[in-house]
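Me: I have a structure open and would like to go through it piece by piece. Can we start with the strands?

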Amino acid sequence: MKKIFGKALTILMCAALAMTFLACKDGPKTPEEIPESPAYTITAPEGQGATIKISEDGKTITLEPEAEGIEYTITGDFEGQIINKRKGTVIVLNNANLKNTEGKAVIYGELKTEIECEQNSTNTITVTGEADKTYGKAAVLCEKAIEIGGDGSCTISCENGHGVKGKDVELKGKGNYVFGPAKDSAINCNDFEVKAERTFTATLKNAKNGIKADNTISIASGTFKFDTIKKTALKTDTSADDSEGETKEHKIILEGGDFTFTDCGKKYETEKNCFTKSASVIGDFTNPL
C-alpha cells in the first residue's frame with residue numbers, strides 16, 4: 001500500500017467546522033448555540049491535493065484527491081456515507097465505527113478503492129434499514145475494484161444487501177476480517193482473488209452465500225472460515241447465466257489456504273470440472289449430500 005508522507009491535515013465533521021463560520025456571521029454564540037464536537041476525525045496529507053468535502057447535513061463525505069494513492073485516515077464514530085471519486089484512493093480505518101441507517105453503502109467507490117485496517121485497530125462498517133435503490137446493494141460498494149487489507153480487524157455487515165460488492169475484490173494483509181451478517185452474499189463480485197503469502201483470517205457468516213463471483217474465485221493463501229451459509233460458501237456462476245454471445249470463465253481455483261466450513265448448504269459450486277484444488281490446500285471440501 002502506497003504511503004504518502006507529509007504533515008497531516010485534519011478535517012472535522014461539518015458541524016464542528018461551522019463554529020467559526022457561525023461566530024463570524026452572527027457574532028459570538030453561547031455554548032448552547034454551538035454545535036457539538038464531532039465523534040470522528042478524518043485526516044489526509046497536506047499539500048497533496050487531498051480534497052475532502054462534507055455535506056451541509058454532515059452525512060456525506062466526498063473524497064476527490066488530485067492524485068492516485070492518497071491515504072485518508074478516519075477515526076471514531078461516523079454515520080452516513082463516504083464517497084470516493086479517484087482511482088486508487090486508500091481509506092485507512094483506525095478504530096472507526098462507520099454506519100448507515102438509511103440502507104445506503106457506508107463506503108461507495110466510483111473508482112478503484114482500497115480499505116486498510118490500521119494495525120491493532122478494531123473497526124466496523126454497518127448498514128441497516130431498507131436498501132436504497134442506488135446505494136443499497138452492499139455495506140461496501142464499488143463500481144470497480146475493491147482491495148481490503150491491513151493488520152487490524154474489521155467487521156462488515158449489511159441488513160438488506162451484500163457485505164461487500166465490487167467488480168473485482170481482493171483480500172490482502174495480516175488482519176482479521178469478518179463479512180456478515182448479510183442478507184445476500186457476504187462478498188459479491190465478478191472476480192475474487194487472494195495472492196500468495198497473505199496471512200489474514202476472513203470469517204464469512206450468516207449470509208445467503210459466502211463468496212459469490214460471476215466469473216472466477218482464485219485463492220492462493222489466507223485462512224477462511226465459513227459459518228452458517230444458507231446456500232454456498234464458494235460459488236461461481238455458470239455459462240447458463242451468461243448473456244447471449246458471451247464467453248466467460250467460471251472457475252474456482254484453490255492453490256493454497258486453510259478452509260473451515262460450519263453449517264453450510266454447500267461448500268462449493270461451479271461448472272462441471274471447473275473446481276481445482278492443490279495438495280497444499282487445507283480443508284474438507286466434500287459437499288453435504
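Me: Which residue in S13 does Thr124 stand opposite?
Reply: Thr124 stands opposite Thr155 in S13. This is a predicted model, so keep in mind that the positions come from a prediction.

Me: How do the strands on that side pair, and over how many bridges?
Reply: Strand S10, residues 122–127, pairs with S13 in the parallel sense, over six bridges.

Me: And what about S13 and S15?
Reply: S13 also pairs with strand S15, residues 176–182, in the parallel sense, over five bridges. Within S15, Tyr177 is the bridge partner of Cys154.

Me: Is S13 enclosed or open, and why?
Reply: Strand S13 covers residues 153–158, and five of its six residues are buried, so the strand is largely enclosed by the rest of the structure.

Me: What is the phi of Asn120?
Reply: Asn120 has a positive phi of about 65 degrees, and it is not a glycine either. Asn120 is in the loop between S9 and S10.

Me: Buried or exposed?
Reply: Asn120 is exposed, because its relative accessible area is 70% and the cut-off for exposed is over 50%.

Me: New topic. How many residues are in the largest nonpolar core?
Reply: The largest nonpolar core has 63 residues. Those with the most contacts inside it are Leu98, Ile125, Phe179, Phe192, Phe224, Phe226 and Phe259. Strand S17, residues 201–219, supplies the largest share of this core, with seven residues.

Me: Why would such residues sit together at all?
Reply: In soluble globular proteins, nonpolar side chains tend to be buried together.

Me: What does Phe192 touch?
Reply: Leaving out residues up to four places away in sequence, Phe192 touches Val169, Leu171, Ile187, Ile211, Ala213, Thr216, Ile217, Ser218, Ile219 and Phe224.

Me: On to charges. How many salt bridges are there?
Reply: The count comes to 12 salt bridges. In general, side chains of opposite charge can pair when their charged atoms come close.

Me: Which side chain meets Lys59 in a salt bridge?
Reply: The side chain of Glu102 meets that of Lys59, at 3.1 Å from N to O. This pair links distant parts of the chain, 43 residues apart. Glu102 is in the loop between strand S7 (89–100) and strand S8 (107–109), while Lys59 is in the loop between strand S3 (50–54) and strand S4 (60–65).

Me: How accessible are Glu102 and Lys59?
Reply: Glu102 counts as partly exposed, at 41% relative accessibility. Lys59 also counts as partly exposed, at 39%.

Me: Which residues are linked in a network of salt bridges?
Reply: Lys112, Glu147 and Lys172 are linked in a network of salt bridges. Within it, the side chains of Lys112 and Glu147 meet at 3.0 Å, N to O. Lys112 lies in the loop between S8 and strand S9 (113–117) and Glu147 lies in strand S12 (residues 145–150), so the pair ties together parts that are 35 residues apart in sequence.

Me: Is Glu147 buried or exposed?
Reply: Glu147 counts as buried, at 9% relative accessibility. Lys112 counts as partly exposed, at 29%.

Me: Last thing. What pLDDT does the chain average?
Reply: The chain averages a pLDDT of 88, and 87% of the residues score at least 70. Over residues 1–36 the pLDDT is below 50. That stretch has 62 contacts in the model beyond near neighbours in sequence.

Me: How should I read a part with low pLDDT?
Reply: Where pLDDT is low, the predicted coordinates should not be read in detail.

How values were computed:
Residues are numbered from 1 along each chain as its sequence is written. This is a predicted model: local features need pLDDT of at least 70, side-chain atom pairs count only at pLDDT 80 or more; totals for chains, interfaces and linings use all residues. Side-chain values use heavy atoms; hydrogens and water are left out. A nonpolar core is a set of buried Ala, Val, Leu, Ile, Met, Phe, Trp, Tyr and Cys residues joined through side-chain atoms within 4.5 Å. Buried means under 20% relative accessible area, exposed over 50%, partly exposed in between (1.4 Å probe, protein chains only). Helices (H or I, at least four residues) and strands (E, at least two) are DSSP runs, numbered from the N terminus. Contact means heavy atoms within 4.5 Å. A salt bridge is a side-chain nitrogen of Lys or Arg within 4 Å of a carboxyl oxygen of Asp or Glu. pLDDT is the predictor's confidence in each residue, from 0 to 100. Two strands pair if DSSP finds at least two bridges between them.
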